[in-house]
Amino acid sequence: MDMLSARSADAAASDGQLLARIARGDKDAVTALYRRLERPLFAFLVKTLRDREAAADVLNETMLDVWRQAGRFEGKSSVATWIYSIAHHKAISWLRKRREVELDEEAVAEVADDAPGADSKIAAEDLSHTIARLMEKLSVDHRIVLQLAYFQEFSVGQIAEILDCPENTVKTRMFYARQRLRALLEAEGIEGAAA
Amino acid sequence: MKHEQHHGPLEPQDVEELLPWYVTGRVSREEARGIEAALKTMPDLAGKLAQVQREREAVSRASEAVEPVPPETLQRLLQQVETTRQWRVPRIESHSEAGGWLKAAMGRNVVWQAAFAAACVAIVALGVQVYNPPAPGEYGLASDINGVGGATLLVTFQPGATAGDIGTLLTDLGATIVDGPKPGGAYVVKLSSNQTGDVEVATSNLLARKDLVAGVMAGQ
C-alpha cells in the first residue's frame, strides 16, 4: 500500500479500529488517531488548563498513555470518551500540582471586584466575545462541563463517564456553571443576556 | 455509566437542565419531543433556549480560536512511543480487538465462568505439573523458592478479574505474563530480574489480591 492509500485507509478507519491497531503496536495508527483528535483535545486542554505549554504536555502524556494502554481498552465506552477521560484525569492532576483548583474560586471572587461597569467595555464588545471571556473566569469544573457539552458535543452520559460521576452531577454542574456565568454577565452590567 | 432515560412528560426543571444538550442534538428522541412540547407551553423557555445557543456559540468560537498544537508535540510523542513499552497481553490472533483476549478466554457466559472457577481450583493442584513436570517432591510453593532471578510463577486469576485490573496489578508488581493460558487457565507470570529474592513477597502480594488472584504456584 502506498503512502497516499495508507493515509486514506487511516482516515476511513473508525476510532476503535485505530485503537485495535495501536494495541498491536502499529505506530502509524498512533499518528492517525493523534491527527484526528489533536485539535479538539488540545482546545479542551487549553481551555481547562489555561496554559498552552501545559496543554501540549498533557496532550502528549495522554496519547502516550493511549499507546501504552490500548490493550486494556475493553470497549465499555467509546474510544473518544476513554481518551477524554484519560486527558481529564491528567489535566486535573496537573492543576492540583499547581494548586489551581483551590485558587480558582478566589480568582472568580476577584472578577466581581474589578469587573468594568456597564458603560465601559460592553458597548464595544460582542456579547459572544464577552461570554467567552467570562468563561475563562469560571472554576475548572464549570469550564470543563461547558467545554465538553458545548464544543465537544458529548452527551450527558458520555460526560458522566469522562468525569467519572453520576449523570445528575453533570446536569447539576452544568446548571451551576450557567448560573455563575449569568452572575458574571450581570456583574458586567448585561442583565438582559441572563436567561 | 448507565444512561438515565426520562420516562413520561419532562418536568420544567428537567427541560431547562437538558437545553444545553438539546442545542447540540445530544438528547434522546423522547427528551427532544418533551422539550419541543414544553417550548409551546412555557412562554419564557424560548428566551432560555436562545441564551443557551449564545453560550454554545461563544464556547465553540473560543475553542475554535485556539491555535493549533505545536508540531513538535507529535514528533516528541512518536519518539517516546519508540522507547515506551506497551502493556502486553498474550495475543489470541482470532480475537484481535484491543483488550478482547481475556474476555475471549473467559467469556461472559455465567455457566462458563462457573466452570472456569472450578477449573481454577483444580489448576492450583495441577498447574505445576502441567507447566513443568517435575519429579515427585521436586516442586513446592512459590514461597519455598528464594532468590531466583527472573523467576516465574503460575497464576490463576479469578473469573471476574478484568484485563485492566490484572494488568495494573502485574505492573505494580513489576511482573509480566509471558505465556498462557495453560490448560485449566493458568498463566505463566515472570518477575522482573531485579526482584531476585523477592519471590516470596511477590507471591504474598499476588495472593493478597483475592479479588483478582485465585492461586499462585512456583514456576521454574
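User: What makes the largest nonpolar core a core, and which residues touch the most other members?

Analyst: In this predicted model, the largest nonpolar core holds 75 residues, and A:Ile22, A:Leu45 and A:Ile159 touch the most other members. The set is called a core because its members are buried nonpolar residues joined through C-beta atoms within 7 Å. Helix 3 (residues 27–49) of chain A supplies the largest share of this core, namely 13 residues. A second, separate core has 23 residues, among them B:Phe157, B:Leu170, B:Val188 and B:Val189.

User: Which residues does A:Ile159 touch, leaving out those up to four places away in sequence?

Analyst: With those set aside, A:Ile159 touches A:Val145, A:Leu148, A:Ala149, A:Phe154 and A:Val170.

User: Why is helix 8 of chain A called mostly covered?

Analyst: A residue counts as buried if 20 or more other C-beta atoms lie within 10 Å of its own, and ten of the twelve residues in helix 8 of chain A are buried, so the helix is described as mostly covered.

User: How do you know that the length of helix 8 of chain A is close to what is expected?

Analyst: The expected span is 1.5 Å times one less than the number of residues. Helix 8 (residues 140–151) of chain A has twelve residues, and its reach of 16 Å from first C-alpha to last is close to the expected 16 Å. Just after this helix, A:Glu153 takes a positive phi of about 60°.

User: Why is B:Arg56 called buried?

Analyst: B:Arg56 has 21 C-beta neighbours inside 10 Å, and because the criterion is 20 or more, B:Arg56 counts as buried. B:Arg56 is placed in helix 3 (residues 45–64) of chain B, and, apart from neighbours within four places in sequence, B:Arg56 is in contact with A:Tyr150, B:Val23 and B:Thr24. The C-alpha atoms of B:Arg56 and B:Thr24 are separated by 8.5 Å, although the two residues are 32 residues apart along the chain.

User: What does the secondary structure of chain A come to, and what percentage of its residues is buried?

Analyst: Chain A has ten helices and zero strands, while buried residues make up 42% of its 195 residues. Among its contacts between residues at least 6 apart in sequence, 65% join residues at least 24 apart.

Definitions and conventions. Residues numbered from 1 in each chain as written. Chains lettered and ligands numbered in written order. Predicted model: local features only at pLDDT ≥ 70, side-chain atom pairs only at ≥ 80, totals over all residues. Helix = DSSP H or I, 4+ residues; strand = E, 2+ residues; numbered from the N terminus. Contact = placed C-beta atoms within 7 Å.
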